[in-house]
Amino acid sequence: MSDKKPISSVNDFVVRFANVNGSGSASANEMFARAILRHGVPVSPRNIFPSNIQGLPTWYEVRVTEDGHLGARGGVDLMVAMNPQTWDKDVAGIEPGGYLFYDSTKPMPSTKFRDDITVIGVPLTAITNSTYTDPRQRQLFKNIIYLGALSALLEMDPKLIEQLIGEQYKGKEKLLSSNVHALHLGRDWALQNLKCPIGLRVKKSDKVGDRIFIEGNSAAALGAVYGGATICAWYPITPSSSVAEAFTSHCKKYRHDPETGKAKYAIVQGEDELASIGIVIGASWNGARAFTATSGPGISLMTEFIGLSYFAEIPAVIMNIQRAGPSTGMPTRTQQCDIIACAYASHGDTKHVLLFPEDPAEAFEFAAAAFDLAERLQTTIFLMLDLDIGMNHRLCRPLKWDDARQYDRGKVMTAEMLEEGRDFGRYLDVDGDGIPYRTYPGTHPTKGSFFTRGTSRDRYARYSEEGTVYADNMQRLVRKFETAQDLVPRPLQANAERPTKYGVIYFGSTSPAMDEAIGLLEARGHQLDRLRIRAFPFHSSVASFLAEHDFVYVVEQNRDSQLRQLIVNENGIDPVRLVPIVHYDGTPITARYIAKAIGDHQDHLKVTPLRKAVS
Amino acid sequence: MTYIAKPKFHHPGLKKNELGYTHRDYEGKISTLCAGCGHDSITASIIEACYELSIEPHRVAKISGIGCSSKTPDYFLGNSHGFNSVHGRMPSVLTGANLANRDLIYLGVSGDGDSASIGFGQFAHSIRRGVNMTYIVENNGVYGLTKGQFSATADRGSKSKKGVTNTDNAIDLVAIALQLGATFVARSFSGDKSQLVPLIAAAIGHKGASFIDVISPCIAFNNHAGSTKSFDYVREHNDAVNRLDVLVGRDPIAVDYAPGTVQVVEQHDGSKIALRKIDADYDPHDRLGAQTFLAKHAAKGQIVTGLLYVDPDAEDLHAHLNTVETPLNALEADTLCPGSAVLDKINASLR
């Protein structure tokens, strides 16, 4: 018996599914999330999965959020506990007054439950065993049966789920009808045997609007297609593999010559990350738009080539879908932990451009922009996603493209320009922006050829070990990086309702949690201006923001507050004024976590001095 | 590597090829390699082959890794773009360049340290992918730039200049290339220009992965008694299976056929390889036979040279990927970007 009043909430709760990896639950769980979306209610789902194929625990969390908060919330209101291995932890994670949904086929001792939650048992195994003879069917349809039961418990419209099943199994009538049958098996059992609905309910709304539901990796891959990438070289690594797989899929649809059927792209699965970035650099050197997708360990392997790209000034785009490091770390857990590694990748003095999209829509936009930037700046551009954006579906604004947009191919000297007698020095700073002209191989019979190398050379690409020549080149590279400040996406600032001397800086996948945390902090009486950084090098507005505030919190998902380090390093600011707010257990940062960490610090700052209090 | 360019003037009576170019048009900067280096002879052979084929120099992309051999692209085809990448990674850079523009000719120049050690993987994978290139290893069995360490192609039992005996087994890049599916495999000797020049010319004409291992003695660190990569040793143990000439449609080369069998192999680009067999039993179309032949001769300490294997019907990576004929680097937004109307449909499918 529950000694706590059950949670009652409409369109605002968290459901977590605890499953066994490989049990086929992913499809049913995702359908649950999509079904709620079809009710017009925003959702924010997250896949929490092990670095394993079968047998280990996996969770799928769906935050149902009428208010549209897309960050992780923390806590679970309804636990669908389908994994005996994690039972105790799963039960413990339920909010007081929450609900536990489980397979009640086998009786369980009362000690396995809690008094302050509502327990809902459905004999799933018994139902499947009496309906299906095939063991695999029993397993798979069990997932659809619990989906059906949940639809009754949460008062969802079954027709919307049937519609989704119809879309998923279009043209496969047998699968379609058997899935619909399983859905109703569960739903009917719940309606007949349980008190439906429970305190948590889904009510039709209109809060989704025209937003789309897409994974960041897929959006980034689509951005590469729209951005004109013709060559992708990659090596499989979690959580980035789906970028290349999605690029392959998009190219198959949109990049074949209609007359010949031939491909207007080339995709090579390299033998390793070194070869992948080598292919990208070779292709870019030769004038094609090329990219690779990888994660932290891949970045480590690529750093030698990244140094070459920087020094020899060859465009390259690297999509880094970050995961928890160092070393193998936690391959299937999220972090924003490659900031320093990418900003200064390779030996010697290097600086690289980093782009930080906050959601799939920006992943699309920044991916497309990365190719323009790479060619304009003739250097490596990192698109810094992470697992939380890359491998989870997110609601975001629709993707947009301006048909009048042309690709910025940067400073490329053509045969005509060479014929005109233009002075071509591969590393000449003609325009004072640090960016030289290049030529593509094969351009002109007698003019414009040069030798690309990672060793020092003069402005005309002639090998030189002269110290002054080397320093001249390195200074120009600094000028080029300064030019980049005004080419990359600018930070976005939002000010508090009242003037405040406190600010917060954040970036990337932290964004939705941060947006929500601001509301929680305001409710606690704290006003903060906020700045979302979208790229490195930092725009001058970052320095202005720092100057305007006494203390600035830097919220990020790594141990060492890497963005803060970068800000300190690049702006020469007193580190004491930058307060690190870090979260790095591999799960996405939550609004609750941010609000507590900043709120506690703010409370501490607000303590009235004793002298003042007694006077 | 040098910034000293050769003087521009030349004798007005220099012989010209079909395009009106002289040998000088195929030269590069002055070599800074040691006087007598075998690599300079290979450079001369590349120049000669390109001259004979009447290649437009700027239509060649020459790509290398790091090391003595990898410096050499600076010394030929001065009007070509060159790329001295990083140690052992020439094959991936070349693969990318080739994917970007299938219309150029790709010369990959590497060394035994570059290709048989740090770049062994990249060598293998570029070969198995069938990248349309001429991959030349200037093989001296030693690390010259770091002054005399054994490389992975140094034969077991051979001695270094300091008298140290190599106890590791050697990697035979030719045997590996055959096993990996290279469709043109040859070995030659830098001191045998009459064999090497037509081999290079034929390899350039070959559409697919062409591999040539050229034994190229290091005059400074590996040209002593006890070395199996010295000039003397190679001359004494060179066992040529064939001699060849390349006949291009435009300008057939006069061939002084030696007595014995002649076999003509026609390649994709219309060029013909006239193979003058020295070993009457040797069949350059038999991959397995070539592997066995190599192994048998290696066991006897002999260095088999010549065109060891050729598949005249080879396909390259572009054929495998079914890419368009237009070079990928020439495609622009109007042909690459699906446009906003398609994006609207994509958006609609994601709701």
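## The largest cavity

With three residues, β3(A) contributes the most to the lining of the largest cavity. The model described here is predicted. Two elements of chain A, β3 (43-48) and α13 (387-390), each supply at least two residues of this lining. The lining is made up of A:Arg46, A:Asn47, A:Ile48, A:Thr332, A:Arg333, A:Thr334, A:Leu387, A:Asp388, A:Asn392, A:Gly586, A:Thr587 and A:Pro588. By class these residues comprise three nonpolar, six polar and three charged.

The space inside the largest cavity is about 90 Å³. The structure has seven cavities of 30 Å³ or more.

## The largest pocket

The volume of the largest pocket is about 920 Å³. Its lining counts 35 residues, and those nearest the centre of the pocket are A:Ser449, B:Lys8, B:Lys29, B:Gly78 and B:Asn79.

## Overall form of chain A

Chain A contains 20 helices and 23 strands. The C-alpha trace of chain A extends over about 85 × 85 × 40 Å along its principal axes. A compact globule of 615 residues would have a radius of gyration near 25 Å, and the 27 Å of chain A agrees with this.

Buried residues account for 59% of the 615 residues of chain A. Taking contacts in chain A between residues at least 6 apart in sequence, 75% link residues that are at least 24 apart.

## Two reference residues

A:Thr111 sits in the loop between β6 (94-103) and β7 (118-122) of chain A. This residue counts as exposed because its relative accessible area is 69%, above the 50% limit. Between the C-alpha atoms of A:Thr111 and A:Glu466 there are 78 Å, with the two residues 355 residues apart along the chain.

A:Val542 belongs to helix α17 of chain A. A:Val542 has a relative accessible area of 1% and is therefore buried, the limit being under 20%. Apart from neighbours within four places in sequence, A:Val542 makes contact with A:Pro491, A:Leu531, A:Ile533 and A:Asn571. The C-alpha atom of A:Val542 is separated by 19 Å from that of A:Tyr344, 198 residues apart along the chain.

## Cis peptide bonds

The bond between A:Thr238 and A:Pro239 is a cis peptide bond, and its omega is near 5°. A:Pro239 is placed in the loop between β10 (231-234) and α8 (241-254) of chain A.

A cis peptide bond also links A:Phe536 to A:Pro537, with omega about 15°. The loop that holds A:Pro537 runs between β21 (535-536) and α17 (540-548) of chain A. Helix α17 is also the helix in which A:Val542 is found.

A:Glu313 is not a glycine, yet its phi is positive, near 60°. The residue lies in the loop between α10 (296-312) and β13 (316-322) of chain A. A:Glu313 is classed as buried because its relative accessible area is 1%.

A:Gln378, likewise not a glycine, has a positive phi of about 50°. A:Gln378 is in the loop between α12 (360-377) and β15 (380-386) of chain A. With 0% relative accessibility, A:Gln378 is therefore buried.

## Confidence

For the complex the predictor reports an ipTM of 0.94 and a pTM of 0.95. The average pLDDT of chain B is 91, and 95% of its residues score at least 70. In chain B, residues 250-255 have a pLDDT below 50, and this stretch has eight contacts in the model beyond near neighbours in sequence.

Terms used. Residues numbered from 1 in each chain as written. Chains lettered and ligands numbered in written order. Predicted model: local features only at pLDDT ≥ 70, side-chain atom pairs only at ≥ 80, totals over all residues. Heavy atoms only, no water. 1 Å grid on protein atoms, 1.4 Å probe; cavity = no way out; pocket = protein on both sides within 12 Å on 5 of 7 lines; lining within 4 Å. Points joined across faces, edges and corners; volume = space filled by probe spheres on them. Helix = DSSP H or I, 4+ residues; strand = E, 2+ residues; numbered from the N terminus. Nonpolar A, V, L, I, M, F, W, Y, C, P; charged D, E, K, R; others polar. Buried < 20%, exposed > 50% of the residue type's maximum accessible area, 1.4 Å probe, protein only. pLDDT = per-residue confidence, 0-100. Contact = heavy atoms within 4.5 Å. Rg over C-alpha atoms; globule rule 2.2 N^0.38 Å.
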